[in-house]
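Please look over the sequence and model first.

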Amino acid sequence: MTSTPRVVVIGAGFGGLAAAYELSKDGLADVTVLEKADDIGGVWRENTYPGAACDVPSNLYSYSFARKTDWGRRYAEQPDILGYIHDTADRFGLRGLVRTGVEVTSASYDESTATWRVATSTGEVFEADVLVPAVGQLSRPALPDIPGLDTFAGPSFHSAQWRHDVDLTGKRVAVLGTGASAIQFVPRIRQNAAQVTVFQRSASYVVPKLDRAYTDSHHAAFAKVPGFAAAMRTTIWETTELLGFALTKAAPLARVLKSLAMSNLKRHIKDPVLRAKLTPDYPIGCKRVLFSSEWYPALACGNVDVETDAITEVTPTGARTADGRLHEVDVIIYGTGFKATEFLAPMTITGRDARDLHSEWVEGARAHLGMAVPGFPNMFLIYGPNTNLGSSSIILMMEQQSRYIRQIVQELARGGKARAFEVRRDVEQAYDSGVQSRLERGVWTTCDSWYRAESGRVTTNWPGLVHEYQRRTRFAALEDYHEVLPVPAEVNA
C-alpha cells in the first residue's frame with residue numbers, strides 16, 4: 001500500500017457521498033465510488049412517487065459541510081432533495097469520483113496483500129485497501145409473499161419503482177401497505193383515480209405534519225441574519241432528539257405523542273367503523289411513527305376504502321381477501337417497504353479465512369458501532385446495523401461514521417505499508433450485547449416490524465440519541481482493533 005490508501009465506496013447516495021467527501025478531502029485517499037444506477041442520489045433518485053418528501057425538517061436534512069438554507073418548504077420534497085445532492089456533488093468535486101452503471105456483485109479480502117478485490121457485473125475488478133459499503137437500509141424494495149402476484153393482468157409496481165407511464169385517471173387502484181410511502185402518495189393519486197382501495201395490515205400512528213412553503217422573508221432571514229440558520233438547525237435537532245428520547249426512554253413523553261396521534265385521528269375520521277380500523281393496537285413507537293396532515297382526510301374521501309381483511313391471493317383481475325371477496329382493480333401499487341434487514345444483499349462478501357458475511361449474520365446483522373465486523377479487515381459500513389433512527393436526521397449518523405472511518409484511513413496512510421485493521425471480536429461482542437440489551441428493554445421488540453430480522457433481533461435501529469452516537473464515535477480507538485499484516489500465499493495455503 002502506498003501512503004495514499006485506495007478506497008472503494010459502494011453506493012452514491014447520501015451515505016456514500018458523505019464518505020467520499022470525508023476520505024478524499026485534503027488528498028487523504030484515492031476514492032472510487034461504485035454506483036449500480038445511472039446517476040447519483042440513492043433513495044432520492046429512486047423514489048419519485050407523487051408526494052415523495054422527507055419527514056425530517058429540511059433545515060436538518062443537509063450535510064454539515066454544505067448546509068442549505070434556501071429550501072422551498074419546511075419539509076423538502078424529492079426533486080429538491082435530489083437537486084441538493086447533485087449540487088453538493090458538483091460543488092465538492094464528488095461526481096468525478098463516481099462510476100455509474102457499475103454494480104458490485106462480490107468483494108473478497110486477499111490476505112496475501114491485505115487488500116479487497118471488488119468484482120462487478122461489468123467484469124471489471126477493483127482493488128482497494130479499504131472497502132466502504134454504503135448501500136443503505138432502504139434500497140431494495142420488498143414485495144409481499146402472496147400467491148398469484150405475477151398473474152395480475154394490469155400494471156403493478158412498487159412505490160420505489162413508480163410507473164410514470166401508467167395514467168391512474170379514472171382507474172380503480174389497489175394500494176398494498178400503509179407505511180411512510182403510502183401516506184404520501186395515496187392523498188395524491190386519489191385526486192384522479194376513480195377508486196382507491198387501501199389494504200392495511202396494521203394501522204399506523206400518524207401525527208400532523210406541520211409543513212409550509214418558505215417565504216421570501218424566511219429565505220432573507222436564513223441568508224442575512226447572523227446565526228439564524230444555525231440556530232434553527234440546532235433547535236430542530238434538539239427537538240428530534242426529544243422525540244427520540246420519548247420513543248426510547250421516556251414513557252410520559254410517549255403518551256403525549258400518542259395523544260397527539262389519536263387526536264389527529266379523531267379530528268379527521270368521524271366514521272366510527274373507519275376510525276376503529278385506523279386505531280393501532282400496539283405501543284406507539286414499536287413501528288415507525290408517521291407524519292402527515294393529508295393521510296386521514298384522504299381516507300375519509302368517498303373514493304377511498306380501507307380494507308383490513310388479509311389478501312389471500314392476487315388474481316388476473318384483482319385481489320381476493322380472507323372473507324372470499326374479490327376486489328377487482330385496474331392497477332396495483334405496492335407500498336410494502338424495503339428489505340431493510342438484509343444488509344449488503346445480494347452481494348457476496350468474503351473476509352479473512354474465507355468467512356462469508358451473510359453466514360456470519362445468519363441470526364441478524366451486527367457490527368461494532370454499526371461499522372466494523374470481526375473477520376473483515378478494513379471494511380467499514382455506512383448506515384450499517386443498528387444505526388437507523390426512530391427520529392432525527394440520518395445524515396448526522398452518516399457523517400459521523402465517515403469521520404470515524406477517516407481516522408482509520410489516516411492511520412493507514414501514516415503507516416505507508418500494506419496492513420489492515422480488524423475489530424477485535426471481544427470488543428464487538430461487548431458492544432453488541434450492550435446495544436441489544438437496551439433494545440430488548442425498549443418498544444421496538446413489542447411488535448413485528450421492519451426493524452426486526454426473522455430471528456426477532458432488532459438489527460436496524462440505534463437505541464439512543466444522535467448525540468450519544470456522536471460521542472461514542474468521535475475518536476476511533478485503535479486499541480479496539482487488531483493490526484492485520486499480509487500473509488504470504490505459501491503460508492496461507
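The notes below cover the sheet, then the backbone. This is a predicted model, in which local features need pLDDT of at least 70, side-chain atom pairs count only at pLDDT 80 or more, and totals for chains, interfaces and linings use all residues. Residues are numbered from 1 along each chain as its sequence is written, and side-chain values use heavy atoms, leaving out hydrogens and water.

**Sheet**
- Five strands form an open sheet in the order 8-17-9-10-13, with parallel pairing.
- Strands are DSSP runs of E, at least two residues, and helices are runs of H or I, at least four, both numbered from the N terminus.
- Pairing takes at least two DSSP bridges between two strands.
- Strand 8 (156–158) and strand 13 (304–307) each have a single partner strand, so one side of each lacks a neighbour in the sheet.
- The twist averages 20° from one strand to the next.
- Strand 10 (residues 195–199) runs parallel to strand 13, joined by four bridges.
- T197 has D305 of strand 13 as its bridge partner.

**Backbone**
- The peptide bond between A345 and P346 is cis, with omega about 5°.
- P346 sits in the loop between strand 17 and strand 18 (348–350).
- N386 is not a glycine, yet its phi is positive, about 60°.
- N386 is buried, at 3% relative accessible area (buried means under 20%, with a 1.4 Å probe and protein chains only).
- S392 also has a positive phi, near 70°, and is buried at 10% relative accessibility.
- S392 lies in the loop between helix 10 and helix 11.
- Most residues other than glycine have a negative phi, and most peptide bonds are trans.

Terms used: Axes are lines fitted to C-alpha atoms, for helices over the stretch in contact, and angles run from 0 to 180 degrees between N-to-C directions. Buried means under 20% relative accessible area, exposed over 50%, partly exposed in between (1.4 Å probe, protein chains only).
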